Amino acid sequence: MRNRTTVARALSYGSETLGAMSQTPPLRARAEIDLAALRANVRALRARAPRAALMAVVKSDAYGHGIVPCAKAALEAGATWLGTATPHEALTLRAAGIQARVMCWLWTPGGPWREAIEADLDMSVSGLWALREVTAAAREAGRPARIHLKCDTGLGRNGCQPADWPELVAAALAAEAEGTVEVTGLWSHLACADEPGHPSITAQLDLFRDLVAYAEKAGITPEVRHIANSPATLTLPETHFDLVRTGIAIYGVSPSPELGTPADFGLRPVMTLAASVALVKQVPAGHGVSYGHHYVTAEETTLGLVPLGYADGIPRHASGRGPVLVGGKWRRVAGRVAMDQFVVDLGPDGGAVAEGTEALLFGPGDRGEPTAEDWAQAAGTIAYEIVTRIGTRVPRVYLNEDSDE
Ligand SMILES: *Cc1c(COP(=O)(O)O)cnc(C)c1O
């Protein structure tokens, strides 16, 4: 198995901008991104939704994994669409030379509609204000905009209210007639796909089918109808329609621990977060540790300093709880997580840990390390938030960049 390692070249990580390197450099900390795992996850998801196209959702820097390398790996594994929240994220993909279909859905007045049209993006439209702006930009650009009309079937977030759908559909048809838009998609988003049997799922699906049927009867001919996110792709085949929008699952993280582990779905976590222990020292019993002295040593012991903190996305809410594999054992954060560092209690014998010993915060779990889900539980949040918030000061190190097909 190839295991070529390079540090991200195109992206800059604040003060730690790194050039290409041929092997793992000694780093304060690093997030290893296993692109072979990402490709295998995409293939596993395609097998679960064999009749639908797959959109790899790469918003928020690919959930913290790095947008451009992850987008390329997902396309190599058979994704045919990429999805982002903001147009800026979508334009980043184009600037990197990626030519696949790219859809972005979080628009605010002012666009940039014209840039998006010229970059051949697919754009979501949830209301008349957006349709007015996109048609004006299309007139200026001299070419039609590809749009996906979004209906709110019950999430209660973005999307057109069902009562306003006929008006939006009529306006979109008028814009198609004047040549300023092509309606390429009809879509919606589920509220409770990660809670099997939740009554909102069938209610949303019934309404989605009705709203799609209404638009098609009125004359809209969409290329894709789509509503499924990762949990729906994994567990609700009736939601797949023409396209599934998978985010968290392509990164090998389960949408919810109640639904199953990544392995239950044939997925493998893509990110491993590691740090190099910065200091090991003996302290007496009764020694307060970190701000506020919320941890006090029970006996003479050895402390290890892990050089990652809340500025790097280590949740302060995991103070006293977050798990780390150091010297072959799980340790817990002793006392508070600070901005740049936290401490673990290694016990009286120090557990054979020295400066430079690797501390594994989370990864796939094969080496006995915790997972992002363990950190989510320690911090009272979801694993989505754990991986997505790993800060820009932590360099991403890409493993297995070469396609393995
Ligand atoms: C983030 C997002 C997704 C992907 O959700 P996952 O649960 O990560 O698969 C899909 N659709 C929309 C509209 C989103 O905002």
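Guide: Leu 106 sits in the loop between β5 (101–104) and α5 (113–118). Helices (H or I, at least four residues) and strands (E, at least two) are DSSP runs, numbered from the N terminus. The model is predicted: local features need pLDDT of at least 70, side-chain atom pairs count only at pLDDT 80 or more, and totals for chains, interfaces and linings use all residues. Residues are numbered from 1 along each chain as its sequence is written, and side-chain values use heavy atoms, with hydrogens and water left out.

Visitor: Why does Leu 106 count as partly exposed?

Guide: Buried means under 20% relative accessible area, exposed over 50%, and partly exposed in between (1.4 Å probe, protein chains only). Leu 106 has 45% relative accessibility and therefore counts as partly exposed.

Visitor: Which residues does Leu 106 touch, leaving aside those up to four places away in sequence?

Guide: A contact means heavy atoms within 4.5 Å. On that basis Leu 106 touches Ala 85, Thr 86, Pro 87 and Asn 158. Thr 371, by contrast, is 265 residues from Leu 106 in sequence and 30 Å from it in space, C-alpha to C-alpha.

Visitor: How much confidence does the predictor assign to the chain?

Guide: The pLDDT is the predictor's confidence in each residue, from 0 to 100. The protein chain averages 94, and 93% of the residues score at least 70. Over residues 1–22 the pLDDT is below 50, and this stretch has 49 contacts in the model beyond near neighbours in sequence.

Visitor: Which strands pair with β11?

Guide: Two strands pair if DSSP finds at least two bridges between them. Strand β2 (residues 29–34) pairs with β11 in the antiparallel sense over 5 bridges, and Glu 32 stands opposite Thr 272 in β11. Strand β19 (residues 358–362) is also antiparallel to β11, joined by 4 bridges; there Leu 360 is the bridge partner of Ala 274. As for cover, 5 of the 6 residues of β11 (residues 271–276) are buried.

Visitor: Which residues come nearest to the ligand?

Guide: A residue is near a molecule if one of its heavy atoms lies within 4 Å of it. Of the 15 residues around the ligand, the nearest are Lys 59, Tyr 63, Ser 230, Ile 248 and Tyr 384. Polar side-chain atoms of Lys 59 and Tyr 384 each lie 2.7 Å from an oxygen atom of the ligand, while one of Arg 245 lies 2.9 Å from a ligand nitrogen atom.

Key. Polar contact = N/O pair within 3.5 Å; in protein donor to acceptor, adjacent residues only side chain to side chain.
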